[in-house]
Amino acid sequence: MEQKRFVNKTAIVTGAGKGIGFEIAKSLVLEGATVVLNDVDPGLCDEATAQLKEIGNCYSFAGDVSTASFNQEIVDFAVSKTGTLDIVMANAGITLFGSFLEYKAEDLYKVLQVNIGGTFFLAQAAGKYFIEQKKRGSILFTSSVTGHQAHKELAAYGMTKAAVELLAKHLVLELSPFGINVNAVAPGATLTERTMEDPEYKKTWAHLTPIGSAAYPSDIAQTALFLVSEQARHITGQTIVVDGGWSAVSPSPY
């Protein structure tokens, strides 16, 4: 029997009520980790946690990740419940579409607060804990191919995803001396509950993706788990794009 990779490890996964975040949390639980699952929707957070409790150890911690205080709270909660923290995955993010010339200030600030602020402050709180406890740790950010290639009406979102990838590089300087690695995973088109609301999404991206289909959440999750595993201890400051080759040729869906 293959040994589970994350036994006796505690992980935080934000934005994990459904979609890619839920699949990451589920995969961690199946590999033996105790997961603190976050989502901004309390009902969704509790429902997702209940599902994962049927297969392993999971705690619910609902709330908005956009503030420094909340991110400190979730780190403190994880440690209080399990006695440790080993992995943090800053997956929470929001997508607010809109033309650049008409984009509202309040929409921009919200996207910045969640996508950049939530990522920055979770990494900060976790980094402080790892250093204080003198233990190695792994931090992973969820980026996007929109941080690499332009998409219609996603200037604000794409800007934030490029920013978190650069943040991973900057944190190499500050966190590597303490044995902490920081990376990012950048999904391309992925078949989630949200994207499948578009009846043409699966067909469109099967045509546009060189490998012949959009990704499934499990494709992203398995890459994420590799990057926070012992097998990736010498990988830091990097972004792995999981898009079936789309960004290599970048055919537009529009």
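Predicted model: local features only at pLDDT ≥ 70, side-chain atom pairs only at ≥ 80, totals over all residues.
D86 sits in the loop between α3 and β4, and K135 in the loop between α4 and β5, so the pair ties together parts that are 49 residues apart in sequence. And D86 is buried, with a relative accessible area of 8%.

How many salt bridges does the count come to? Three. Another one is R5 with E31, where the closest N and O atoms are 3.0 Å apart. R5 is in the segment before β1, and E31 is in the loop between α1 and β2, so here the tied parts are 26 residues apart in sequence. R5 counts as partly exposed at 29% relative accessibility, while E31, at 17%, counts as buried.

Then there's K110 with D64, closest N and O atoms 3.2 Å apart. K110 belongs to helix α4 and D64 to the loop between β3 and α3, so that pair links parts 46 residues apart in sequence. K110 is partly exposed at 31%, and D64 is partly exposed too, at 30%.

Now over to strand β6, residues 180-187. Buried or exposed? Eight of its eight residues are buried. I180, V182, A184 and A186 point one way, and N181, N183, V185 and P187 point the other.

As for its neighbours, β5 runs parallel to β6, with six bridges joining them, and G137 stands opposite I180. Getting from β5 to β6, the chain goes through helix α5, and that β-α-β crossover is right-handed. β6 also pairs with β7, again parallel, over four bridges; there, V185 has I240 as its bridge partner.

Conventions:
Residues numbered from 1 in each chain as written. Heavy atoms only, no water. Buried < 20%, exposed > 50% of the residue type's maximum accessible area, 1.4 Å probe, protein only. Helix = DSSP H or I, 4+ residues; strand = E, 2+ residues; numbered from the N terminus. Pairing = 2+ DSSP bridges. Right-handed = clockwise from strand over helix to strand, strands pointing away. Salt bridge = Lys/Arg side-chain N within 4 Å of Asp/Glu carboxyl O.
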